[in-house]
Amino acid sequence: MKLVTFVVNGKERLGIWSERGILDLNAAAPSLPADMVSFIAAGPDALKAARAALDAATKSPQTKWLSVDAVKLAAPIPHPRKNVFCVGRNYKLHIIEGARARGREPSFPPVPEFFSKPPTAIIGHDDEVHLDTRHTKQLDYEIELAIVIGKRCRDLSVADAPGAVFGYTIVNDVSARELQAAHGQWFKGKGLDTSCPMGPCIVTADEFGNPSGHRLVLTVNGETRQDSNTSDLLFGVPEIVSSLCGGLTLEPGDVIATGTPSGVALGMTPQKWLQDGDVIVADIEGIGKLRNRVRKTF
């Protein structure tokens with residue numbers, strides 16, 4: 001099942017995206033929680049009720065389906081309870097290209113390397129990524145498969161970690177490379193406003209299937225920049241979740257971006273930084289396409 005947060009008359013609503021369009025879940029099942037985080041926290045019973053509502057709506061000729069093109073898709077989790085967790089350097093070829101760009105020998109991390117992006121960085125499908133040249137002239141893109149946590153958990157084994165996953169979405173880990181280098185860590189360069197496009201939906205774990213083996217493609221103005229597969233992850237979903245929740249409580253609706261493959265602007269010769277008007281499309285097999293346009297603000 002594909003779940004979305006969409007906006008009607010300035011109000012966010014919960015929906016199910018099917019072949020017929022978007023079902024307004026707040027209207028079809030008003031007893032269910034009205035926002036995505038609360039819905040996820042409600043557990044399997046809420047998911048079962050949502051599936052029943054979708055089934056009933058599909059069979060009813062009176063159902064009003066909303067066209068995907070006629071609604072504004074927000075980030076599926078527009079107001080997370082905490083920062084978006086991220087994993088750095090988690091595809092081998094990306095590690096190699098990053099080291100080469102910085103004139104270093106590549107080194108592969110023995111454990112996942114975590115950082116985070118603040119909630120103020122989150123934007124949705126078709127929202128604008130701001131290019132503020134007062135702070136960066138080296139704006140980069142990074143397509144990433146993102147995990148959505150489904151239940152409160154801590155200290156899970158690798159074997160038990162998949163049971164904590166509610167589903168998956170797409171995150172574009174937009175990065176200001178000179179800030180990343182100047183500050184000696186990742187948070188500042190990756191935490192600017194609008195630097196975390198997310199969406200267009202959350203695909204439940206049962207529908208997405210094994211997270212390994214899904215193709216990721218990112219284009220800029222139609223030019224393919226990144227083309228890889230989640231099977232190339234250095235640390236897979238179970239290892240990431242198990243490592244992160246060691247001594248750290250994860251909660252329903254927490255998002256973990258799992259890292260980006262090679263093909264970023266940093267590793268290109270010459271480096272093709274994002275420019276005003278660029279259209280970025282991040283496409284992950286089994287989820288869909290997340291599209292954003294770059295707009296120069298200063």
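Q: Where in the chain is N221 placed?
A: N221 sits in the loop between β14 (215-220) and β15 (223-229). Strands here are DSSP runs of E with at least two residues, helices are runs of H or I with at least four, and both are numbered from the N terminus.

Q: Before going further, what kind of model is this?
A: It is a predicted model, in which local features need pLDDT of at least 70 and side-chain atom pairs count only at pLDDT 80 or more, while totals for chains, interfaces and linings use all residues. Residues are numbered from 1 along each chain as its sequence is written, and side-chain values use heavy atoms, with hydrogens and water left out.

Q: Back to N221, then. What is its phi?
A: The phi of N221 is positive, about 55°, although N221 is not a glycine.

Q: And N9, what about its phi?
A: N9 also is not a glycine and has a positive phi of about 55°. It is found in the loop between β1 and β2 (11-18).

Q: Is N9 buried or exposed?
A: N9 counts as exposed because its relative accessible area is 78%. The classes are buried under 20% relative accessible area, exposed over 50% and partly exposed in between, with a 1.4 Å probe and protein chains only.

Q: Changing topic: how many helices and strands are there?
A: The protein has 8 helices and 18 strands.

Q: What is the radius of gyration, and what would a compact globule have?
A: The protein has a radius of gyration of 19 Å, which agrees with the value near 19 Å for a compact globule of 298 residues. The radius is taken over C-alpha atoms, and the globule rule is 2.2 Å times the number of residues to the power 0.38. Along the principal axes, the C-alpha atoms fill a box of roughly 60 × 45 × 30 Å.

Q: What share of the residues is buried?
A: Of the 298 residues, 52% count as buried. The exposed surface comes to about 13000 Å², of which carbon and sulfur atoms supply 51%; areas come from the Shrake-Rupley method with a 1.4 Å probe, and for residues only the protein chains shown count as cover.

Q: Let us look at L3. Where does it lie?
A: L3 lies in strand β1 (residues 2-8). It counts as buried because its relative accessibility is 0%.

Q: What does L3 touch beyond four places in sequence?
A: L3 touches G15, I16, M36, F39, F166, C201, I202 and T204. G15 is 12 residues from L3 along the chain, and their C-alpha atoms are separated by 5.8 Å.

Q: T204 is on that list; which strand is it in?
A: T204 lies in strand β13. It is buried, with a relative accessible area of 1%. Beyond four places in sequence, its contacts include M1, L3, L47, R51 and F166.

Q: Which side chain makes a polar contact with the side chain of T204?
A: That is D206, at 2.6 Å. A polar contact is a pair of N or O atoms within 3.5 Å; within protein, one must be able to donate a hydrogen and the other to accept it, and residues adjacent in sequence count only if both atoms are side-chain atoms.

Q: What kind of peptide bond joins G199 and P200?
A: A cis peptide bond, with omega about 0°; P200 lies in strand β13 (residues 196-204). T269 and P270 are also joined by a cis peptide bond, with omega about -5°, and P270 is found in the loop between β16 (255-257) and β17 (279-284).

Q: Finally, D173: buried or exposed?
A: D173 is buried, with a relative accessible area of 1%, and is placed in the loop between β11 (165-172) and β12 (175-176).

Q: Which side chain does the side chain of D173 join in a polar contact?
A: K190, at 2.8 Å. Beyond four places in sequence, D173 is in contact with F115, K117, D140, Y141, E142, E144, K190 and S195.

Definitions and conventions: Contact = heavy atoms within 4.5 Å.
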